[in-house]
Amino acid sequence: MADFLFEIGLEEVPARMIASAETELRKRVVDLLTRERLGSEAMEARAYSTPRRLAVLVSGVLQRQQDIAEELTGPAVKIAYKDGQPNGTPSPAAIAFAKKAGVAVDALKIVSTPKGDYVAATAVKPGRAAAEVLATELPKELAAIYWAKNMYWRAGKPERFVRPVRWLLALLGDEIVPVGFGGYTAGRVTYGHRVLFGAAPIEVGEPQAYLAALTQAHVMADVELRRHTIRKALDRVCRTAEGTRWREDQALVDKMTHLTEWPSVLLGNFDKEYLSLPEEVLVTVMRDHQNYFAVETGDGKLAPYFLAVLNTEADEAGQAVIRHGNERVLRARFNDAKFFWEFDQRMTLEERLPLLEKVTFQKDLGSYAEKTERVVQLCKIFVDRPGVQKLGLDYNALIDAARLAKTDLTSELVKEFTELQGAIGGLYARAQGFSEASAAAIYDQYRPMSMEDRIPRTAEGQVLALADKADTIAGMFKLGLEPTGSKDPFALRRAANGIVKILAEGMLPITLGEVAQAGVGSGDEALIGKVEVFLAERLEFYLREAKGQAYDVVAAVLAVGADDVRDAVARTEAVSAVRGGEDFREVSAAFKRMKNILVQASEKKIAAAPVLDVAMLKDGAELALAEKAADLKPKVAELRARQEYRGALEAIATLRPQVDAFFDAVMVMDPDEVVRANRLALLARTLGDFSGIADFAEIVVAG
Amino acid sequence: MGVGVKKKALTFQELLFTLQRFWAERGCVLQQPYDVEVGAGTMSPDTFLRVLGPKPVRIAYAQPSRRPADGRYGENPNRLFRHTQMQVILKPPPVNVQELYLESLQAIGIDLREHDLKFEEDNWEWPVGGAWGVGWQVMLDGLEITQFTYFQQCGGMDLDPIAGEITYGLERIAGFLQDVDSIYDIVWAVEPDTGKKTTYGEMRLAEEEQFSAYGFDYAEVDSLWEHLRLYEAECLRLLERADELLNHPDTSKLVHRRLPILGMYELALKCSHLFNLLDARGAISVTERVGVMARIRTLILRTASTYRNKNAFDWKYDELRARQP
């Protein structure tokens, strides 16, 4: 057994693509070794990566495949021997077969088959050396690695990869495996940190020496070690600014881990004067434009510091130079933002309203001025809902917010930081003396941006966000621009997910049907129906993805109604909570059986009696079921009305003894037509009375 | 402070000389800036057209690049209506192109051991030119100093071989080397005998003020549209004529050689610049925007494919002629 090391050296790979490629390379190498019978029981693989390399180190690799014995069948005995006898003289056919199988003629055997006796041989297929297999097969695996964006670099375009390949290293034990890819053949040489080590080649004696050799060359190839190093350094360096902590940012830690080979952290500061700019702007500049971590004080307020992760190691004097450069860049960026902020104050949001006539929302849906008009109307419709009126929201503040919501699109700051649309408008509204309710609603209008994002904080904000999204979805559907398959250029699914999330987690008693109706406007029932179905699909997605509910529970719940989002969430949670109980399971199974019987009957045109005639129930079991169900009905209905779905479901589960006894004792499809019709009516009534929360027939019962 | 101040930092013009000399010594032909308004060095025909086809190219030039919307009347210390790009095209890119680039940084006085260097993904795209490539923005102590691109497509056509493009932002680098906070404080030149300094502001501030005012306040929208229409019509007329001539068997070698592809391209560039001016003026709605961009894209893509067709003929012709005794 030996260790196998493979490294592919590349020009800097985009940070966002490294983690998945590292995992994929390891999987491909392990699968290849397993498929080729080169993996031992003890085989273990570790993957490494930096911006300039992907590597995998596998221990417990067999040096050579085991030989395989293969049974080959040759010609029939009567052809194989001149006299047709097994011990006769071999014919040319037998000699040729022995040659092909790689055995001596006298090693041929006879096998009996239903078709007669045949000559056979045990051929031994010698195992191939691991090095040979790897050299042939690994290049195909490399070529198949998925990259979100790849490129050609050599003339004649022989291959595509994420960035140009610059070296290959492949060692099985201390021997080179000549893997070829991208114009290179693997050797035993790797390279260190561009600046801290330079361009000198590093010879790797054997696979286990790899990590140490790279560490010597200022490359930390282990991703988790780098991540840990960065986190520790952030903690340590941040402590030098008293009373502060760095703002946790997992995505940025991850990015910096994949942007560095030898990370260190540096604390810089900026002039306190910039703290007068909105925190959102400062953080966006630091985080999104400069890859800096924001630093805050104990009370969560931004402090005038930043933390930069470097791809180098510098002494104090060196750090001072690098700090100076970074501070200079940040100062310029902040100055820009300040310039835009001050420039924007020359014009109020009210004064910007006419400018919206020149900003197109969508060519067939008109300008943002027209969109604003529609959104204001939608807000009015939603506020008029009786349940919404009870929330006591600030009507004037909402209408102000809706009118001014899009005006920040004409500001310089939003043109510069498009990701801050909405937030900037909210901040300007506050600065210009609008109420907090208006400012917050404008600020939150695009939320939630994702399933993880929060919904608008206030009822006014929720109404505005709902109206904006409903208008966009309805408008695009009117133009036939609904999403198809993976294509959703106007992010309508995200908008609809937002609507569902706002209704599920907010306070608005508005149904999906009302949203569709209001967005489309009256008249086009077919289109309203289409939008409703689209929204219901997003509700299903929300229940499954955001709430983690089982497929069948969601199907059962939505089968009886998908209009009221919060109600659907409550019903789903209740069904999930009771579905594990034995009684509930059995009752569900029984309901499914009832439904099947009714469906089959209706297919055979056997009608149930329109009304159940209790007097006709002869059997004790059917009478018991009818009575118990009648007894339970008002209780369940009352619990349902109070949305105490779990209690209602538990009550339904108490039907089990009667249901069990019924199916044990009673034959529904009685030969007597009248009895049969009455029993079908009993099933229909029972199903009808207890299926309002979910269609239990959709519940999958294991076993 | 004064930590980052380099006593012997290059002046703006020395920076340009040094980079030009560096790349000339590595085989680049030095070209002068292109004399039609462009938004980036990439749009000069020395890049855009030369990267097409199989012929190897090494060329370098400084290109003043106009972006009317970025004008700030000279009030913003970091934004310019017109900045200077140092453009290097290497087709095909040598294997050690990144190392060559890093050497060029050493040549202009950046000791990499004293700085933090990162190559961060940044893919370049010019949809109107049907051009895109993958590459990086090169970050030095948090400052983007260079755009490094491997061109993959240009004029809507796949490139083979591809070209490597290195674009240095000269103002940014000079500001970094000289450690000044405003572009206008960059020392452009120093008189060797008197030591008198000329700053970037002295050379260019008036231009920034006046062209910002022209772009934002004075430019006459109707006549800009009219100019755009005229340049477009002229370009289309040439394209149609070229199609006829290229497809006609009787077209003489001389007429063929003199087909004004470069003229068409220049007219398309004029349209692109007028579009940028109209955009800065706030005269293009989002709806119109898509349509006008499509019109200019048509001009540029058709010019590129005409260039390829003409050159395919020329290359073949050259090849045939080379075989004659």
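Biologist: Where does α4(A) bend, and which proline follows?

Modeller: α4(A) bends by about 35 degrees at Glu137(A), and Pro139(A) follows within four residues. The bend is the angle between axes fitted to the seven residues ending there and the seven starting there. Helices are DSSP runs of H or I, at least four residues, and strands are runs of E, at least two, numbered from the N terminus. This is a predicted model: local features need pLDDT of at least 70, side-chain atom pairs count only at pLDDT 80 or more, and totals for chains, interfaces and linings use all residues. Residues are numbered from 1 along each chain as its sequence is written, and side-chain values use heavy atoms, leaving out hydrogens and water.

Biologist: Switching to the contact, how many residues does it take from each chain?

Modeller: Chain A gives 51 residues and chain B gives 46, with contact meaning heavy atoms within 4.5 Å. The two chains bury about 4100 Å² between them; that is accessible area (1.4 Å probe) lost on being put together, summed over both. Val195(A), His324(A) and Arg328(A) supply 15% of the area that chain A buries against chain B.

Biologist: How many salt bridges between chain A and chain B?

Modeller: The count is 7, each a side-chain nitrogen of Lys or Arg within 4 Å of a carboxyl oxygen of Asp or Glu. One of them joins Glu121(B) to Arg16(A), with the closest N and O atoms 2.7 Å apart.

Notes:
Chains lettered and ligands numbered in written order.
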